[in-house]
Amino acid sequence: MQTQFSLTALADPEMAQSEKILRTCVHCGFCLATCPTYLLTANELDSPRGRIYLIKEMFEKNVSADPRTTYHIDRCLSCLSCMTTCPSSVDYMHLVDHARAFIEETASRSISQRFKRDILAFILPRPKIFRAVLRLAHFIMPFQAYLPKNIRSFLSPLPKKLPPPSLADRPQIIPAQGDRRMRVALLSGCAQTVIDTTINEATIRLLTRFGAEVIILEGVGCCGAVAHHLGKVEQSYQLARSNIKAWKHEIDTAGLDYIVVNASGCGTTIKDYKFLFREDPEMREGAAAVSERAVDISEVINKLDYKNTQEMPKLRVAYHSACSLQHGQKITHEPYDLIERAGFEAMAVPEGHICCGSAGTYNLLQPELSQQLLQRKLANINSLNPHIIAAGNFGCMMHIATQSQVPVMHLVELLDWASGGPKPQSLGF
Ligand code: SF4
Ligand code: SF4
């Protein structure tokens, strides 16, 4: 694709990077067939190719983002399905990340839109505040029917009950059982520690059982993905910097083999720290060290030669492959192998490359498209008649569970159960 950027624009490294990406698109349109929003609307501007044209125009003008561009970029899930399909390896992820940051800085949004985006970026990365807000929201829930539609769409995905904070999420060192085979840091996360504490508890049992010493570090918190996908660059960098400093200090002092992430949305962002801080002389080295050690839990459990230790009931497990895992991190077969090795039947969901509509805060900010994608995902899952739905990303789990009759759980809960841990609470039978 030909571009016409001014020399002044190209002096900005972010702009120069985006211009380079734009030039790799040959506008063949192969990506349209696998783009969830294009499948729903059949509108070229809701497709990757259409969005690439809008971004090109916006960056070439290099003034403020217009309402049409803002509208169609906001409707993009950042699911990265287009990157898996693209034969020219167009780096859509970094292009749309830059576009979101540019829009956040220059577009004029309504007060209610700004308020929603600011409030999400403020609350979700802070577990204490998020817990307090959820407790408050529980008082309002019985009166949902009387509230405006846009407030109802915020309340409906929330869980009915909150667990107490888990001891597993406190800074600590949990020794390996038997001989230590590796030393890993675990990202506890932010929203996940408030809503579902069983995931980190199962992850720690699983890692230590197979010989990993697990460290939860002080100073590590939200990975910054929520703010990053809302285009709030400085906020996301602040969170990332704190994580990088804490992990880099541990790497330099006691050593870390891996940084384990059990929420694939966060994993994709942490693996990208190296790129995000490439121009930052102070953080560059630490960011690279962190990204090079970041692994999804399914990768590290494979390295630890996972096997089950008890006979499992013959349950059919529909595995929902999160977009951040399959398209963002290109991890595709490991979770299925692990489910089979645990003693269950692993089932691939038809149209598995299509997003469930969760996509970070997308389900809250774009409820209509998100619900259409959820219904499509549930129909595909239910066609398998599974006993269990498993996933590797907390956001997808929560979104699917809002309307699923089939129990939804994290992959680690199944692996933990089959190797000596407790039966997952959410199983319900
Ligand atoms: S498939 Fe790749 S090269 Fe073709 S239009 Fe889409 S992004 Fe551009
Ligand atoms: S990231 Fe997903 S929703 Fe966005 S353009 Fe690509 S395929 Fe479509």
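This is a predicted model: local features need pLDDT of at least 70, side-chain atom pairs count only at pLDDT 80 or more; totals for chains, interfaces and linings use all residues.
**Exercise 1.** Describe the surroundings of ligand 1.

Solution. 
- Start with the count: 13 residues surround ligand 1.
- Next, list the closest of them: Cys-25, Cys-28, Gly-29, Cys-31 and Cys-86.
- Sort the shell by class. It holds 9 nonpolar, 3 polar and 1 charged residues. Cys counts as nonpolar and Gly as polar.
- Ligand 1 takes up the largest cavity.

**Exercise 2.** Which elements give two or more residues to the shell around ligand 2?

Solution. 
- Begin with the shell itself. Ligand 2 is surrounded by 13 residues. The closest are Cys-35, Arg-51, Cys-76, Cys-79 and Cys-82.
- Now assign the elements. Two or more residues come from each of α3 (36-41), α4 (48-61) and α6 (81-85).
- Check the classes: 9 nonpolar, 3 polar and 1 charged. Arg falls in the charged class.
- The space taken by ligand 2 is the second largest cavity.

**Exercise 3.** At what angle do helices α2 and α7 pack, and how is the pair classified?

Solution. 
- Locate the helices: α2 spans residues 13-24, and α7 spans residues 92-106.
- Read off the geometry. The angle is about 135°, and the axes lie 9 Å apart.
- Classify the pair. Over 145 degrees would count as roughly antiparallel. The angle makes α2 oblique to α7.

**Exercise 4.** Classify the packing of helices α12 and α24.

Solution. 
- Locate the helices: α12 covers residues 198-209, and α24 covers residues 411-418.
- Take the values. They pack at about 45°, with axes 9 Å apart.
- Apply the cut-off. Angles under 35 degrees count as roughly parallel. α12 and α24 are therefore oblique to each other.
- State the hand: the crossing of α12 and α24 is left-handed.

Technical notes:
Residues are numbered from 1 along each chain as its sequence is written. Chains are lettered from A and ligands numbered from 1 in the order in which they are written. Side-chain values use heavy atoms; hydrogens and water are left out. A residue is near a molecule or strand if one of its heavy atoms lies within 4 Å of it. On a 1 Å grid over the protein atoms alone, a cavity is a set of points where a 1.4 Å probe fits but cannot get out, and a pocket is an open set with protein on both sides within 12 Å along at least five of seven lines; lining residues have an atom within 4 Å of a point. A molecule sits in a cavity or pocket if more than half of its atoms lie within 2 Å of its grid points. Axes are lines fitted to C-alpha atoms, for helices over the stretch in contact, and angles run from 0 to 180 degrees between N-to-C directions. Helices (H or I, at least four residues) and strands (E, at least two) are DSSP runs, numbered from the N terminus. Angles under 35 degrees count as roughly parallel, over 145 as roughly antiparallel, 65 to 115 as roughly perpendicular and the rest as oblique. A crossing is left-handed if the near helix is turned anticlockwise from the far one by less than a right angle, and right-handed if clockwise.
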